[in-house]
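Let's take a friendly walk through this structure, beginning with a single residue and widening the view from there. Keep the sequence and the 3D view side by side as you read.

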Amino acid sequence: MTGEQVRAARALLKWSAKKLAEVSGVSYPTIQRLESKDGPLAGYADTHDAIRKAFEINGIQFLASGEVATGPGVAIDRKA
């Protein structure tokens, strides 16, 4: 999971960083720090798992390159 994916997932759900902190149980400052950088998330795997779970139970799918979503969404083409 990347900082870009976290920001995009929040945007799709129309969540603030504070809302993600509430739902995931991860502190607001940690959410801010993780989102502030592009690329793979830094920090602890348990923190990443809590964020991912909060998103996934609310309908977000995280895709690797070449994977296809089962519903509507957006993706970035790094070649563009």
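Helices here are DSSP runs of H or I with at least four residues, strands are runs of E with at least two, and both are numbered from the N terminus. A word on the source: this is a predicted model, in which local features need pLDDT of at least 70 and side-chain atom pairs count only at pLDDT 80 or more, while totals for chains, interfaces and linings use all residues. Residues are numbered from 1 along each chain as its sequence is written, and side-chain values use heavy atoms, with hydrogens and water left out.

Is Glu35 buried or exposed? Its relative accessible area is 9%, so Glu35 counts as buried. The cut-offs are under 20% relative accessible area for buried and over 50% for exposed, with partly exposed in between, using a 1.4 Å probe and protein chains only. Which residues does Glu35 touch, once its neighbours within four places in sequence are left aside? Glu35 is in contact with Val6, Arg7, Arg10, Ala17 and Leu20, where contact means heavy atoms within 4.5 Å.

Now step back to the chain. It has four helices and zero strands, and reading along the sequence gives the pattern α-α-α-α. For its 80 residues, a compact globule would have a radius of gyration near 12 Å, and the chain agrees with this at 12 Å. That radius is taken over C-alpha atoms, and the globule rule is 2.2 Å times the number of residues to the power 0.38. Along its principal axes, the C-alpha trace spans about 35 × 25 × 20 Å.

Buried residues account for 29% of the 80 residues. If we take contacts between residues at least 6 apart in sequence, 61% of them join residues at least 24 apart. The accessible surface of the chain is about 5600 Å², and carbon and sulfur atoms hold 53% of it; these areas come from the Shrake-Rupley method with a 1.4 Å probe, and for residues only the protein chains shown count as cover. As for charge, there are 11 positive and 9 negative side chains, with the centres of the two sets 5 Å apart. Lys and Arg count as positive and Asp and Glu as negative, leaving out His and the chain ends; each charge is placed at NZ of Lys, CZ of Arg, CG of Asp or CD of Glu.

What lies inside? In soluble globular proteins, nonpolar side chains tend to be buried together. Here the largest nonpolar core has 15 residues, of which Val6, Leu20, Ile31, Ile51 and Phe55 touch the most other members. Helix 1 (3-13), helix 2 (17-24), helix 3 and helix 4 (45-56) each supply at least two residues of this core. A nonpolar core is a set of buried Ala, Val, Leu, Ile, Met, Phe, Trp, Tyr and Cys residues joined through side-chain atoms within 4.5 Å.

Next, some exposed positions. Lys14 sits in the loop between helix 1 and helix 2 and is exposed, with a relative accessible area of 73%. Its phi is near 60°, a positive value in a residue other than glycine. Glu22, in helix 2, is exposed at 62% relative accessible area, and its C-alpha atom is 9.5 Å from that of Ala54, 32 residues away along the chain.

Pro29 belongs to helix 3 and is exposed, with a relative accessible area of 54%. Its C-alpha atom is separated by 9.1 Å from that of Lys18, eleven residues apart along the chain.

The loop between helix 3 and helix 4 includes Ser36, which is exposed at 54% relative accessibility. The C-alpha atoms of Ser36 and Gly3 are separated by 6.8 Å, though the two are 33 residues apart along the chain. Asp38 lies in the loop between helix 3 and helix 4 and is exposed, with a relative accessible area of 54%. Leaving aside neighbours within four places in sequence, Asp38 is in contact with Glu4 and Arg7.
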